[in-house]
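Please read them with the structure open.

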Amino acid sequence: MPTYTPQDIRSIRKRLRLTQQEFGQLLGCSAKTVSSWESGYRNPSGTARTAITQLARRRQAPQRRHRPGTTYTNIHQWDNGRLIARYATSTEAAQAIAPTRPETNITTIKNNILTVLRDQQRTAYGYQWTTSEQAPEPARTKYTDIHHKYTDIHQWAEGRLIARYATSTEAAQTIAATRPGTNISSIRNYILTAIRDQPHTAYGYQWIADS
């Protein structure tokens, strides 16, 4: 696995024309963490170095999340095919989600919701989002069922380790307490997918398994 000097990381980010915050979002960490790498105060983890390598292979900046908040109004929030709320704007929708994601700023939440409204291929914060009264088709996912390969799971928020779990089931049970409308199996599969497909996140967190 390649190693990266502070100058290497800064050069890759600059070449892709990304801010530290945008670079961190793609890697599943905070702008503060990126800054610490570029200053030489900290070194990227093995998982982060893998993600940096993937970004370094790109010749141009990755497409940024959809941002035009005025494009979508009358937003519908769906949970397993059931309409649970309507919002006049994406900002209002993001404000409703924000209390369950204290580690994520409202702008990031809104952009994730807008991306789902645009692409209709995945969920945001465990929900599907539409501007239509018609229930959406189930979101296409890439869930993995090889949970027995993942143990000693680390839960990260904004580059900070906040919890460790022996198994994916234990991690899912913790998240389930904040997601009463989602069954544990779905939560576990979502976490497993994030572990497999780094630097993706699940439920606003980054998940890494040491084994």
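1. Histidine 154 has arginine 164 as its bridge partner in β5. On the other side of the pairing list, histidine 154 stands opposite isoleucine 208 in β7. Please keep in mind that this is a predicted model.

2. β6 is joined to β7 by two bridges, and the two strands run antiparallel. Threonine 201 has glutamine 206 of β7 as its bridge partner.

3. Which residues touch the most other members of the largest nonpolar core? They are Ile175, Ile187, Ile191, Ala202, Tyr203 and Trp207, in a core of 19 residues. At least two residues of this core come from each of β4 (151–157), β5 (160–167), α7 (168–176), α8 (184–196) and β7 (205–209). The most is given by α8, with six residues. In soluble globular proteins, nonpolar side chains tend to be buried together.

4. Leaving aside neighbours within four places in sequence, alanine 202 is in contact with Tyr190, Ile191, Ala194 and Trp207. Apart from the core described above lies another one, of 17 residues, and its members include Ala93, Ala94, Val116 and Leu117.

5. A three-stranded open sheet has the order β2-β1-β3, again with antiparallel pairing. Its edge strands are β2 (82–89) and β3 (128–130), each pairing on one side only. From one strand to the next, the twist averages 25 degrees.

6. Strand β1 (residues 73–79) pairs with β2 over six bridges in the antiparallel sense. Within that pair, threonine 73 stands opposite threonine 89 of β2. Helix α5 (residues 90–97) lies across β1, β2 and β3, and its direction is about 125 degrees to β2.

7. How do α2 and α4 pack, and at roughly what angle do they cross? The axes of helix α2 (residues 20–27) and helix α4 (residues 46–56) come within 10 Å, and they cross at roughly 110 degrees. That angle makes α2 roughly perpendicular to α4, because angles of 65 to 115 degrees count as roughly perpendicular. The crossing is right-handed. On the α2 side the contact is made by Phe23, Leu26 and Leu27, and on the α4 side by Ala48, Ala51, Ile52 and Leu55.

8. Which residues of helix α3 (residues 31–39) are buried? They are Thr33, Val34, Ser36, Trp37 and Glu38. The elements that cover them include α1 (6–15), α2 and α4. Glycine 40 follows α3 and has a positive phi, near 85 degrees.

How values were computed: Residues numbered from 1 in each chain as written. Predicted model: local features only at pLDDT ≥ 70, side-chain atom pairs only at ≥ 80, totals over all residues. Heavy atoms only, no water. Core = buried A, V, L, I, M, F, W, Y, C linked by side-chain atoms within 4.5 Å. Buried < 20%, exposed > 50% of the residue type's maximum accessible area, 1.4 Å probe, protein only. Helix = DSSP H or I, 4+ residues; strand = E, 2+ residues; numbered from the N terminus. Contact = heavy atoms within 4.5 Å. Pairing = 2+ DSSP bridges. Axes fitted to C-alpha atoms, helices over the stretch in contact; angles between N-to-C directions. Parallel < 35°, antiparallel > 145°, perpendicular 65-115°, else oblique. Left-handed = near helix turned anticlockwise from the far one by under 90°.
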